[in-house]
Amino acid sequence: MKSKNDTITAADRPILKNKMYLYLTEFFAGMSVMAVELGASRLLAPYFSSSQIVWTIIIGTIMIAMALGNIYGGRKVDKNPNPDRLYGRIIFAAIWIALIPVVGRYIIIGISALLVFTISTNFLVVAAFAACMIIFVFPLFLLGTVTPSLVKYTVDSLDESGKVVGNLNASNTIGSIIGTFIPTFISIPAVGTSITFLIFAGILLILSIVYFVSSKLFVKKLPVSLTIFILCCIFGHNSSFAFWQKHLTVEDESIYNYLQVSENDREVVLSTNVLFGVQSVYLKDRQLTGMYYDYAMAAPYMAGLYETDRALDVLILGMGSGTYATQCKRYFKDINIEGVEIDEKIIDLSRKYFQLPSDVNVTAYDGRAFLNALSSDRKYDVIMVDAYQDITIPFQMSTVEFFTLVKDHLREDGVMVVNMNMRGIDKKAENDQSTSANNNNNNDNSDSNKKANITDYLADTISSVFSEVYIVDVDHSSNRELFAGSSKEMLGSFKANKEAEQDADLYKMMNIVEKELMPYTPGNHVMTDDKAPVELLGMQVIDEIIRDEVSYYKKIYKEKGWKGIIDEL
């Protein structure tokens, strides 16, 4: 037997006679879905990166949620056309979304901690998918019920059904469009991801409150929901996602990145999306960093630093906060440097916290687009490519077409240096692996394809453009520096110019580079604009790094269980 509440229809709620209110419901539902989707990418980025793989997982899970919501909503509204239930679901979705900035990061950490001990491959995919399913699917499933329900309440006659459904879909689409632009260009850069979640949760909550208040209904869930929302606003407005980091100098978000600046007596460090740590560093004692920037300083020597009577021209694609530029300016007197960095907030940070010299001009632009915009006669002695960040490798800066463009803007004896930061396995094993793969290229191409990693693909691609390619692995790091040019005198120039270096520390560093520098023997793993699987290749290396990092804790877990892990931490 149906209760009194079950017999309620749209005709019993005067506010639903106002078509504009129904269209607004559809509009804000569509807007909120897109805002949550964009917020999801920011919430996940510090833990899983912001690669195309993570975006694919986000979009896929959200579409699953919306499809299931459409099906469920359509069936429910046919069986019971009670509009109170729809707006009750919207309240529930609003509160769930408001809770995301409060508990979301703890859920992610918990999922990651559980999965890292149970799976050995595709950790990023599985963990990101699990996080999306738990955190985002249910509220978006509820919002997916909005459209079929509103069709039921809005269509008065079959003669106008096409028009009404069209208007509803248009309202949803326009809301989705606006919900795409507002978080990206306004709310996230201005107030952060957490408050963005709260803003759109508040909009949905207000929409439902208007419905129930106008219908003169007192629903117990309203005061409870308002109380929870207020608590979320109090405890969820903190923009700190990487909560293991304390006493940060800066924690901010830009259009492109989640940003951290940390500082101590020795150094200032920039991290972006923090999956694997440091992107830029400034040492207050103005010494060498001990990182890949020091190795990359071999490039000016290869380009004839002390053999020319003019200043070298250096271009840095992926400037970051300017560590490489600052070091080159500090140690080399006759050098002109300009940089390209897509994130304007990082450029601002480089001036404020990282002492980037004022005479280093930085353009806020995409690296490849910048090269495309240059006149054909603009040439450089050194072009550094440092735009690869964990698994987030821009495919357009990893292909034959891109490296050809770099070559076109190098002088005849110019040098390109590329920082490849996911070498992964140890040097000796990789060299043996590379030799084996190259020896068997003609006999077992599929086997060599299985063994090749992202650095192999990048190096092979570069070798298809440049005749001279040398590599050096950075000690105590997953980084590899690659030097490429067209002059056969490249290595000889390096040795000769190194001997002219008067700074003892830098001379010692260049001796290390010389000792470790090896000519690269290319394979046939060439990436093009049409085919560049950089995310999948990067993910393989990250799986390897994660396995290596957690092997010690896995051993403790097997021997002593969770208690042993807790005691160790």
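# Strands and salt bridges in a predicted model

This is a predicted model. Six bridges hold strand E5 to strand E6, and the two run parallel.

User: Which residue in E6 is the bridge partner of Leu315?

Analyst: Start with the pair of strands: E5 and E6 run parallel and are joined by six bridges. Leu315 takes part in this pairing, and its bridge partner in E6 is Glu338.

User: Is E5 enclosed or open to the outside?

Analyst: Look at both faces of the strand. Leu312, Val314 and Ile316 point one way, Asp313, Leu315 and Leu317 point the other way, and all are buried. That's six of the six residues of E5, so the rest of the structure leaves the strand largely enclosed.

User: Which strands stand at the edges of the eight-stranded sheet?

Analyst: The sheet is open and mixed, with the order E7-E6-E5-E8-E9-E11-E10-E12. A strand with a single partner has one side left without a neighbour in the sheet, so the edge strands here are E7 and E12.

User: What angle does the direction of helix H12 make with that of E6?

Analyst: Helix H12 covers residues 323–331 and packs on the sheet. Strands E5, E6, E8 and E9 are the ones H12 touches. Its direction and that of E6 make an angle of about 175°.

User: Glu338 has a salt bridge too, so which residue is on the other end, and is Glu338 buried or exposed?

Analyst: The side chain of Glu338 meets that of Arg378, at 3.0 Å from N to O. Arg378 sits in the loop between helix H14 and E8, 40 residues apart from Glu338 in the chain. Buried means under 20% relative accessible area. Glu338 has 16%, so Glu338 counts as buried.

User: How many residues apart are Asp84 and Arg13, and what joins them?

Analyst: Their side chains meet in a salt bridge, 2.9 Å from N to O. Asp84 is buried at 10% relative accessible area, and Arg13 is buried too at 9%. Asp84 belongs to helix H3 while Arg13 is in the segment before helix H1, and the two are 71 residues apart.

User: Which parts of the chain does the Asp252 salt bridge tie together?

Analyst: Asp252 pairs with Lys345, with the closest N and O atoms 3.1 Å apart. Asp252 is partly exposed at 30%, and Lys345 is partly exposed at 24%. The pair ties together parts 93 residues apart in sequence, namely strand E1 and helix H13.

Methods: Residues are numbered from 1 along each chain as its sequence is written. This is a predicted model: local features need pLDDT of at least 70, side-chain atom pairs count only at pLDDT 80 or more; totals for chains, interfaces and linings use all residues. Side-chain values use heavy atoms; hydrogens and water are left out. Two strands pair if DSSP finds at least two bridges between them. Helices (H or I, at least four residues) and strands (E, at least two) are DSSP runs, numbered from the N terminus. Contact means heavy atoms within 4.5 Å. Axes are lines fitted to C-alpha atoms, for helices over the stretch in contact, and angles run from 0 to 180 degrees between N-to-C directions. Buried means under 20% relative accessible area, exposed over 50%, partly exposed in between (1.4 Å probe, protein chains only). A salt bridge is a side-chain nitrogen of Lys or Arg within 4 Å of a carboxyl oxygen of Asp or Glu.
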